[in-house]
Amino acid sequence: MIIQHVEQLEMEFITDHEDLNTPYRMLAVIVLPEIMLLISQIVKSHGNRLTSRIEQDVILFLGDCMECIFRNQEEKIDSKITNFCRRYDMDEIGTDTDEISTYVRGLSSITIQDVPLLAEMPRLKNRMKIAESLGHSDKLPKPHTWLSNMESIGRDRAIHHTLRLLQSFSKVMESTPSDQKILNRPGFFGPSPFRPERVRKIHGDLDEYLMANILPQWFLMCRNGIIGQARLPHESELCPLFVLLREYVQKPHKPVSWSLVFAVHALLTATLVDTAPVFNDLAYIGETVFQKYLQQLDHGTQLILNEQDTRHSESFAQNVFTVSFLKNLGIEILGRKALWNPLCASTTLLTLTYFGNIEAGCALIDCRAQLRITLHLFHALKNCALIREGDIPILDRLNEYFKSSRGVWEGPLPKRGEFVKRFWICFGMSAKESKQMSEEAKIAIITRKFSNITNK
């Protein structure tokens, strides 16, 4: 539910702020206001083609440069500087461009200073020693100072550190041929978190767990295993984590979404709480429940196959076939701690529960979106006071039964002004397409009203 809520918030934010559609552009707004102002002043003073969007364009420029740094693709920054200067008709070879380039190069140092990987720590320590010898150690920022006022996602639990790890791994996935798997190098990213001493922070302590254990195994499951092959009904509601992971693996060239970063960060936070006996107990319980479920499924299948009507049920056959794929999750090669951590285990078990409870009913009553169409229209008419509660008792009952269903509403009940947009989102359209449909509906209403007035 929390991952779905974050997805909803991210989608709504991007709908309202279409330019801030990557985590890096949003980070630039939050942590780079001084650099943004300095570059904006340079553009305003020396640009020959000024617009009203200078500050916005500078934010997008800095965010895209930050993305190159997070991806370890700093060689692409020069072309971004050139394109930015051309946009405002600035001299591509001159002091102004050199000054912008200096600020952007400084951004590279600032970013690595704040979110260093283990391999970069020696260089970082040397820089700090030089600063100390010159008496400037107080001017050199410490790692993970961004978002430092946010306890759950800053400092020792820096969420942008998780973002950098995920984005760095996407480059590895992009360069890995489809017939190969990613082999980890034990110890390359740091020590294992499953050791006697207490693990206290996400960055450093859990880098090895994420990069050498979880992500290579998830990559294998999404590219060659069950998550990549099966498409479950209503999967975005049931297993949003698996859907996010599949898109991450299948489209490594895209920026990592905040939703995925949040989900992985939540997993690491859960691991941080207790990494030794408690984690192992949770993994054992999750795996045991999983195997018990499949044993019950096998037994139930044998019993039901004796029923003539059920044997020929297309829905039943499809469900049993899909669930049988999930047995692959139990094979040893997929990694016990990568799979049976609390977040993945609960997602898997929720998926299984779904098949055993509500899939058949939902498929029957909403197979062509008739339930969503009816309830969205009913809700809109009630909000506009065109009908009242009690006028249509059967719809009152349906509305009461499904008022909290994410499959019908994709979040809280729609408010006035967003009925059309929210309906099309629930129907399966993207946030951008739904917003466009909403605008077209508003134009049609205004045109109809104007036409009625002129005809009178």
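Guide: Start at C384, in the loop between helix 20 (370-383) and helix 21 (393-402). Helices (H or I, at least four residues) and strands (E, at least two) are DSSP runs, numbered from the N terminus. This is a predicted model: local features need pLDDT of at least 70, side-chain atom pairs count only at pLDDT 80 or more, and totals for chains, interfaces and linings use all residues. Residues are numbered from 1 along each chain as its sequence is written, and side-chain values use heavy atoms, with hydrogens and water left out.

Visitor: Why is C384 called partly exposed?

Guide: Its relative accessibility is 31%. Buried means under 20% relative accessible area, exposed over 50%, and partly exposed in between (1.4 Å probe, protein chains only). The value 31% falls in between, so C384 counts as partly exposed.

Visitor: Which residues does C384 contact, leaving aside neighbours within four places in sequence?

Guide: R416 and F419. Contact means heavy atoms within 4.5 Å. C384 and R416 are 32 residues apart along the chain, and their C-alpha atoms are separated by 8.0 Å.

Visitor: What makes A385 exposed?

Guide: Its relative accessible area is 64%. That is over 50%, so A385 is exposed. A385 lies in the loop between helix 20 and helix 21. Its phi is positive, about 60°, although A385 is not a glycine. Most residues other than glycine have a negative phi.

Visitor: How do you know that L147 is buried?

Guide: Its relative accessible area is 10%, which is under 20%, so L147 is buried. L147 sits in the loop between helix 7 (121-133) and helix 8 (159-174). L147 also has a positive phi of about 60° and is not a glycine.

Visitor: Why is H379 called buried?

Guide: H379 has a relative accessible area of 9%, so H379 falls under the 20% limit. H379 is found in helix 20. Not counting residues up to four places away in sequence, H379 touches W409, L413, P414 and F419.

Visitor: What makes helix 4 roughly antiparallel to helix 5?

Guide: Helix 4 (residues 54-70) and helix 5 (residues 77-87) pack at an angle of about 170°, with axes 10 Å apart. Angles under 35 degrees count as roughly parallel, over 145 as roughly antiparallel, 65 to 115 as roughly perpendicular and the rest as oblique. About 170° is over 145, so helix 4 is roughly antiparallel to helix 5. Axes are lines fitted to C-alpha atoms, for helices over the stretch in contact, and angles run from 0 to 180 degrees between N-to-C directions.

Visitor: Which residues meet there?

Guide: In helix 4, they include D57, F61 and C65. In helix 5, they include I77, I81 and F84.

Visitor: Where is the kink in helix 9?

Guide: At I214, shortly before the proline P216. The kink is about 30°. The bend at a residue is the angle between axes fitted to the seven residues ending there and the seven starting there. Helix 9 is mostly covered, with 15 of its 18 residues buried.

Visitor: Where is confidence lowest, and where highest?

Guide: Helix 19 (residues 359-365) is lowest, at a mean of 52, and helix 20 is highest, at 90. pLDDT is the predictor's confidence in each residue, from 0 to 100. The chain's mean pLDDT is 77, and 72% of its residues reach 70 or more.
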